Amino acid sequence: MTVPVTIAGAGPFAFVVDTGAQRTVIARELAATLGLAPGRIVRVTGMTGSSAIGTVVIPSLKVSVIGSAAIEAPAISAINLGARGLLGIDALQAHAVGIDFDTNTMTVTPSRKRQSRERAGPDEIVIRARSLFGQLVVTDAYCNGIRIRVILDTGTSVSMANGALRRKVTRKGLGSAGASQPVSLTGVTGETVVADYTTIDRVTIGSLTLGDLPVAFTAVDAPPFRLFGLAERPAMLLGMDVLQLFRRVDIDFANREVRLTLPRETRRRGELRH
């Protein structure tokens, strides 16, 4: 899903909201069409690797009623982005991302730090998170009884777990719910890796238990785990393959809060099986 973005008054252009990316990215072809000035060379870290990428200067960017100052954005081939660009957490701080899977829409709205917590609705689960390099990390989470860190990543279609989690699961003999199969994953930098795609018996996030959770393990940890200092701690990037199990997902950066609206049939059970 994408949101309409205007750049220096031009557009709108369809951008993916990527809560797992630290930086906003623009398609190289769009940057050329708009005649954006070149910036520095920076290192971009994606799910499958990291590369030195040239940037362009976006003089102004607006999504909905939210405007931002100039952004130095890496310019990457559109075929690897799947859209005209990605909105990273550099543009999402102090905002809230709402994903409504019933209507297949995504919104980005301003958010302000509240003095008190809002109560959860009858079909909602509210999870508190910590901020790590601007990224929201859920620490009240367990995989088959093992404490894990979970990052909600709206920019990836496949959930991924790190080697530290795989080693702990194997060492304790907890196993997974199904046999693995190889899948090929291509990241925004254009690099491709082969991963073992399998399911995990049970993942608990807050008061919610997810059963038979699909997840990919790569032979070498995805670079974001190292970037966020999670290479040695069991961790998981929760992608859209899992988030779409809910009716709605709200990620509030200002209040460090994740709100999940349960499917109607699981409203009272507190457990969701894929």
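Modeller: Strand β17 (residues 181-186) and strand β18 (residues 192-205) run antiparallel and are joined by 6 bridges. Strands here are DSSP runs (E, at least two residues) and helices are runs of H or I with at least four residues, numbered from the N terminus. Two strands pair if DSSP finds at least two bridges between them.

Colleague: Which residue takes a positive phi in the hairpin of β17 and β18?

Modeller: Gly190 does, with a phi near 90°, and the hairpin has 5 residues between the strands. Keep in mind that this is a predicted model: local features need pLDDT of at least 70, side-chain atom pairs count only at pLDDT 80 or more, and totals for chains, interfaces and linings use all residues. Residues are numbered from 1 along each chain as its sequence is written, and side-chain values use heavy atoms, with hydrogens and water left out.

Colleague: How many helices and strands does the protein chain have?

Modeller: The count is 5 helices and 23 strands. An open sheet takes in 9 strands, in the order β4-β5-β8-β3-β9-β2-β1-β6-β7, and its pairing is mixed. At its edges are β4 (38-45) and β7 (66-68), each pairing on one side only. At the β4 end, β4 pairs with strand β5 (residues 50-58) in the antiparallel sense over 6 bridges. Ile41 stands opposite Gly54 in β5.

Colleague: How do I read burial? Is Val16 buried or exposed?

Modeller: Buried means under 20% relative accessible area, exposed means over 50%, and partly exposed is in between (1.4 Å probe, protein chains only). Val16, in strand β2 (residues 10-17), counts as buried because its relative accessibility is 14%. Leaving aside neighbours within four places in sequence, Val16 is in contact (heavy atoms within 4.5 Å) with Met1, Thr2, Ala83, Gly85, Leu86 and Leu87.

Colleague: Now cavities. How many are there of 30 Å³ or more?

Modeller: On a 1 Å grid over the protein atoms alone, a cavity is a set of points where a 1.4 Å probe fits but cannot get out, and lining residues have an atom within 4 Å of a point. Points are joined across faces, edges and corners, and a volume is the space filled by probe spheres set on them. The search of the whole structure finds 2 of 30 Å³ or more. The largest has a volume of about 50 Å³, and its lining includes Ile127, Leu152, Phe246 and Leu260.

Colleague: What lines the second largest cavity?

Modeller: The second largest cavity, with a volume of about 40 Å³, has Gln135, Val150 and Ile251 among its lining residues. The largest share of that lining, 4 residues, comes from β14.

Notes. 1 Å grid on protein atoms, 1.4 Å probe; cavity = no way out; pocket = protein on both sides within 12 Å on 5 of 7 lines; lining within 4 Å.
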